[in-house]
Structures are given as structure tokens and as C-alpha cells.
Amino acid sequence: MIGPQERWRKHIPTHPSYRCRSCTDPWPCRNARLALATAYRDDRVGLMVYLGAHLARALRELPDTHPALLAGQILYWVPRRR
């Protein structure tokens, strides 16, 4: 069994499409979300900063895509605090 970090390295975004390099689903794909949630399980703020940086890059690379769609794809999957 591979660890979450190894799984995360395989499911990274391609540029400029922001699709998963491994499975071609929109990034973060299901496997990337699981690996990111595991890697950042005790650091939700760090995860949001990391994803926010990806969102900023995606907004520059995909200027014809509506910003709300990109935010939904990249940020809104993160579980809310309880």
C-alpha cells in the first residue's frame, strides 16, 4: 500500500487545463482530494492556502472559464469545520 503523499504526487494538475495528470478528471480528482485531506488533516488553513494558490494560477491560465466554476472545482470540496 502506498502512502497518501505518493498518491498525491501521482494525481497532480496538468497546466493549463487543470485536469489530473493521472486520471484526466478535473483536478483535484477524487484520489487527489483524499490524499490532500489526509496530508492536511490537522491543518485546514494550510490546505486552503495551498488550494488558493492553485486557484490563483488556474484563474490566470484559464481566463475564459468563469471564476465561480474554478473555485467550485478547486476549493469547495473541502469539508467544513464542525
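The term pLDDT means the predictor's confidence in each residue, on a scale from 0 to 100. The chain averages a pLDDT of 88, and 88% of the residues score at least 70. Confidence is lowest in helix α1 (residues 4-10), with a mean of 59, and highest in α4, at 96.

This is a predicted model, in which local features need pLDDT of at least 70 and side-chain atom pairs count only at pLDDT 80 or more, while totals for chains, interfaces and linings use all residues. Residues are numbered from 1 along each chain as its sequence is written, and side-chain values use heavy atoms, with hydrogens and water left out.

**Overall fold**

The chain has 4 helices and 0 strands, where helices (H or I, at least four residues) and strands (E, at least two) are DSSP runs numbered from the N terminus. Along the sequence the pattern reads α-α-α-α. Buried residues, meaning those under 20% relative accessible area with a 1.4 Å probe and protein chains only (exposed is over 50%, partly exposed in between), make up 30% of the 82 residues in the chain. Among contacts (heavy atoms within 4.5 Å) between residues at least 6 apart in sequence, 51% join residues at least 24 apart.

**The core**

A nonpolar core is a set of buried Ala, Val, Leu, Ile, Met, Phe, Trp, Tyr and Cys residues joined through side-chain atoms within 4.5 Å. The largest one holds 18 residues, of which Trp27, Leu36, Leu47 and Leu51 touch the most other members. Two or more residues of this core come from each of α2 (30-39), α3 (44-61) and α4 (67-74), and α3 gives the largest share, 4 residues. If residues up to four places away in sequence are not counted, Leu47 touches Leu36, Tyr40, Trp77 and Val78.

| Helix | Buried residues |
|---|---|
| α3 | Gly46, Leu47, Leu51, His54, Leu55 and Ala58 |
| α4 | Leu70, Ala71 and Ile74 |

Seen down the axis of α4, its buried residues fall within an arc of 100 degrees (taken from the directions from the helix axis to the C-beta atoms), so they line one face of the helix. What covers these buried residues of α4 includes α3, and the buried residues of α3 in turn pack against α2 and α4. The 18 residues of α3 should span 26 Å at 1.5 Å a residue, and its end C-alpha atoms are 25 Å apart, which agrees; the expected span is 1.5 Å times one less than the number of residues.
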